[in-house]
Each structure stands twice: as C-alpha cells, then as structure tokens.
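Welcome to this short tour! Please open your viewer and get ready to select a few residues along the way.

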Amino acid sequence: MFDVVTVDVLLGAAFLGIGLWAWAEKGVLSNISSITDLGGFDPVWLFIVVGGVMFILGFAGCIGALRENTALLKFFSVFLGLIFFLELTAGILAFAFKDWIKDQLNFFINNNVKAYRDDIDLQNLIDFAQDYWSCCGAHGPNDWNLNIYFNCTELNPSRERCGVPFSCCVKDPAEDVLNTQCGYDVRLQVELDQQKYIYTKGCVGQFEKWLQDNLIVVAGIFVGIALLQIFGICLAQNLVSDIKAVKANW
C-alpha cells in the first residue's frame with residue numbers, strides 16, 4: 001500500500017504544481033480576485049482540484065502506513081469512500097436526469113463560448129474540443145453570436161465578425177500550415193455553403209454520439225477507477241485491523 005500511495009502523493013504534487021505554475025504565469029497568484037473575473041471555465045481548476053485531492057489522500061495514506069497511524073488510515077479510507085459514493089451518485093443522477101444534464105452541458109458550453117478570448121487555456125480547450133469532435137458551438141456555428149468578437153451585429157467592428165474560430169474549420173489534408181483565418185465571414189453564407197468550410201454540427205450532439213460509440217471504453221475506465229478505489233479502501237481497513245491486532249497483543 002505504501003508504494004501505491006507514494007505514487008499518488010507524487011502525482012498529486014505534480015498536478016498541484018502544474019496548476020499553481022499556470023496561475024502564476026497568468027498573474028492569478030499576484031491578484032487572487034482575478035480568479036472570479038473569467039466568465040467561463042478555467043481549465044487550471046482541474047489541475048488544482050485533482051492535484052489537491054490526490055495529494056491529501058496520498059499524504060494521509062502514506063504517513064498513515066509509514067507511521068502505522070490508524071487515524072490517518074481511517075481518514076484515507078473514509079475520504080476515498082466518500083469520493084466513490086459521490087461518483088456513484090453522480091453516475092446515477094446523470095443516467096436518471098439525462099435531459100437536465102444535456103441542458104447544463106449546453107449552458108456550460110455557451111458560457112465558455114462567451115469567454116473564448118478571455119483566457120488562453122480556455123481558448124485552447126474549446127479549440128481542442130471542436131477539432132476533436134468535429135463540431136462548432138453548443139448546437140451549431142450560430143452559437144458564436146454569443147461572443148463579442150464573432151457576433152454578426154452591425155456595430156461589431158471585429159474582423160472576426162460573422163465568423164467562427166479556426167477549430168470549426170474542416171481540415172484540408174493537403175494543407176501543411178494551419179490557416180487560423182479560415183473561419184472569417186463564413187456565417188455570412190447560407191448553411192449549405194457553410195458545410196463546405198466548417199463543421200455545422202453542435203458539440204453537445206457530437207459529444208453524445210462519441211459517448212454512445214465509446215460506451216464500453218468509457219464504462220470500463222469508470223469501473224476500473226471504482227475497483228482501484230475499493231481496493232484502496234480494503235487495503236487501508238486491513239492495515240488498520242492488523243495494527244489494532246498487534247497493539248492488542250502488547
């Protein structure tokens with residue numbers, strides 16, 4: 001168990017370090033109030049939260065096993081059990097309230113479309129998602145009207161007016177250099193013509209399709225994570241029982 005939790009501590013520290021470094025590069029650590037300035041989702045939060053949880057869990061398990069501290073081992077076991085319970089609850093609720101989850105996903109994507117230019121990490125995340133799932137916006141390219149740089153209003157002075165980000169563009173295999181201006185003015189054309197140049201399907205629908213096509217793989221990953229968590233809980237409880245048994249013989 002000691003070796004497993006040591007790896008957990010190191011991974012958690014690495015994720016936490018990457019997250020803090022990213023915040024330092026963006027000046028967040030020198031101005032904590034800027035955390036709330038971003039209208040969309042900051043991907044750095046993933047590294048901070050995941051790294052923090054992994055580090056706390058790993059530290060408690062590592063020190064608990066090394067020092068034979070039953071309190072820390074029980075904390076490790078209970079905390080891991082709580083995470084497992086929350087994951088299980090989230091999975092059941094997601095299955096039971098699929099339509100509500102779909103609406104929340106749509107709301108989440110549109111919020112991040114609005115904040116596309118506000119944060120480089122968010123921008124890279126959106127570009128990756130649109131390119132990977134061959135989609136554009138939550139329900140389609142017109143969702144980019146929500147962004148002040150891409151909307152089609154007459155008062156918009158941006159060169160990107162009535163366009164979409166380059167990640168929405170259909171890639172040309174013969175093109176060696178990425179054309180970041182491929183989405184300019186594309187939404188001024190009728191939808192049939194748009195399909196020649198950009199993806200016209202929304203990311204919500206494409207994500208659903210991807211989940212259905214990869215359901216076995218996704219389910220296998222979640223089952224694997226759940227088994228690892230159960231295994232960790234069992235190891236911690238067995239170690240606590242062994243420590244108590246040894247102390248009882250003193």
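In this tour, contact means heavy atoms within 4.5 Å. The model is predicted, with local features needing pLDDT of at least 70 and side-chain atom pairs pLDDT 80 or more, while totals for chains, interfaces and linings use all residues. Residues are numbered from 1 along each chain as its sequence is written, and side-chain values use heavy atoms, leaving out hydrogens and water.

**Stop 1: two helices.** Select residues 44-67, helix α2, and residues 70-96, helix α3. Helices here are DSSP runs (H or I, at least four residues), numbered from the N terminus. Now show the side chains: Val-53, Ile-56 and Leu-57 are among the α2 residues that meet α3, where the partners include Leu-72, Phe-76 and Ile-83.

**Stop 2: a ring pair.** Rings of Phe, Tyr and Trp (its six-membered ring) pair if their centres lie within 6.5 Å; planes under 30 degrees apart count as stacked, over 60 as edge-to-face and the rest as tilted. How many aromatic pairs does a search of the whole structure find? There are 10. Tyr-116 and Phe-150 form an edge-to-face one, 6.0 Å centre to centre with 65° between the planes. These two residues are 34 residues apart in the chain. Buried or exposed (under 20% relative accessible area is buried, over 50% exposed, partly exposed in between; 1.4 Å probe, protein chains only)? Tyr-116 is buried at 1%, and Phe-150 is buried at 0%.

**Stop 3: a stacked pair.** Finally, select Phe-207 and Trp-210, whose ring centres are 6.1 Å apart with planes at 15°, so the pair is stacked.

Technical notes:
Axes are lines fitted to C-alpha atoms, for helices over the stretch in contact, and angles run from 0 to 180 degrees between N-to-C directions.
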